[in-house]
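This report covers strand pairing and nonpolar cores. Please look over the sequence and the structure before reading on.

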Amino acid sequence: MIKLLRLSATIMLMLPIMACNGIFADIYDSPEDNNGNGESEFGFTVPCTESTPGTIYIDATDFLHWIYIDFSEQSVETLGIFDQAPENWDIALHHYDVKTNGAMAAPTTAQTVASAIKGDGFSVGEYEADTWTNDKIAVDLADMMSGNIVYCESWYNRVISSWMSVDIQIMPPVYVHSGKVFSVRLADGGKVFLRLANYVNQAGSKGYLTIEYQYNAGV
């Protein structure tokens with residue numbers, strides 16, 4: 001179900017945002033390069049080992065898709081925002097937004113995924129499940145500058161999604177990349193450490209996510 005909401009100042013501070021079509025497009029995602037930057041490989045580009053983190057590289061620039069990740073199969077599948085989810089998946093990304101398939105996530109004080117694997121002294125916060133939202137998953141920003149954004153209803157993991165926030169009250173917008181490592185307890189009993197390492201490609205276009213991960217470390 002789609003809902004049209006008028007942004008309040010608070011929501012504007014919290015909304016993960018990318019470029020809308022039109023005059024302000026280059027403000028958010030310039031330069032536009034259609035991946036013409038030498039980065040042609042997406043997915044699990046570097047598989048993790050027992051002692052070292054792996055890397056997932058994703059094109060999350062499109063507002064009309066969810067990108068489903070299955071850690072056990074090391075697979076990435078992109079589907080339309082309203083398409084049925086695949087049979088097996090662990091987390092899904094919509095630009096910087098994240099939902100999970102029955103998982104729970106918590107922030108940690110680990111500085112890197114590698115240090116989390118080693119068990120170096122770090123603390124883990126409170127685990128949280130997904131919540132239902134109707135004002136986080138933006139699908140149409142065409143009228144954004146008039147204060148109108150079209151959202152779809154969806155499950156949403158507030159904890160993992162906090163890896164990135166955007167303040168659009170300032171032009172150009174201010175992107176705040178937390179750099180945090182998150183601990184995720186999967187529905188099947190598995191465990192994943194996640195960290196958003198980068199959100200731009202080599203050409204400087206935003207929405208290209210480099211994710212460091214470790215699957216089932218210490219389980």
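E4 and E6 are joined by 3 bridges and run antiparallel; Ile67 has Leu93 in E6 as its bridge partner. Strands here are DSSP runs of at least two residues (E), helices of at least four (H or I), numbered from the N terminus. Two strands pair if DSSP finds at least two bridges between them.

The order of this open sheet of 4 strands is E5-E4-E6-E7, with antiparallel pairing. Strand E5 (75-80) and strand E7 (97-100) each have a single partner strand, so one side of each lacks a neighbour in the sheet.

## Basis of the model

This is a predicted model: local features need pLDDT of at least 70 and side-chain atom pairs count only at pLDDT 80 or more, while totals for chains, interfaces and linings use all residues. Residues are numbered from 1 along each chain as its sequence is written, and side-chain values use heavy atoms, with hydrogens and water left out.

Strand E8 (residues 104-107) is joined to E14 by 4 bridges. Pro107 stands opposite Phe182 in E14.

## Nonpolar core

The largest nonpolar core has 30 residues, of which Phe71, Leu93, Trp163, Leu194 and Ile211 touch the most other members. Such a core is a set of buried Ala, Val, Leu, Ile, Met, Phe, Trp, Tyr and Cys residues joined through side-chain atoms within 4.5 Å; buried means under 20% relative accessible area (1.4 Å probe, protein chains only).

Technical notes:
Buried < 20%, exposed > 50% of the residue type's maximum accessible area, 1.4 Å probe, protein only.
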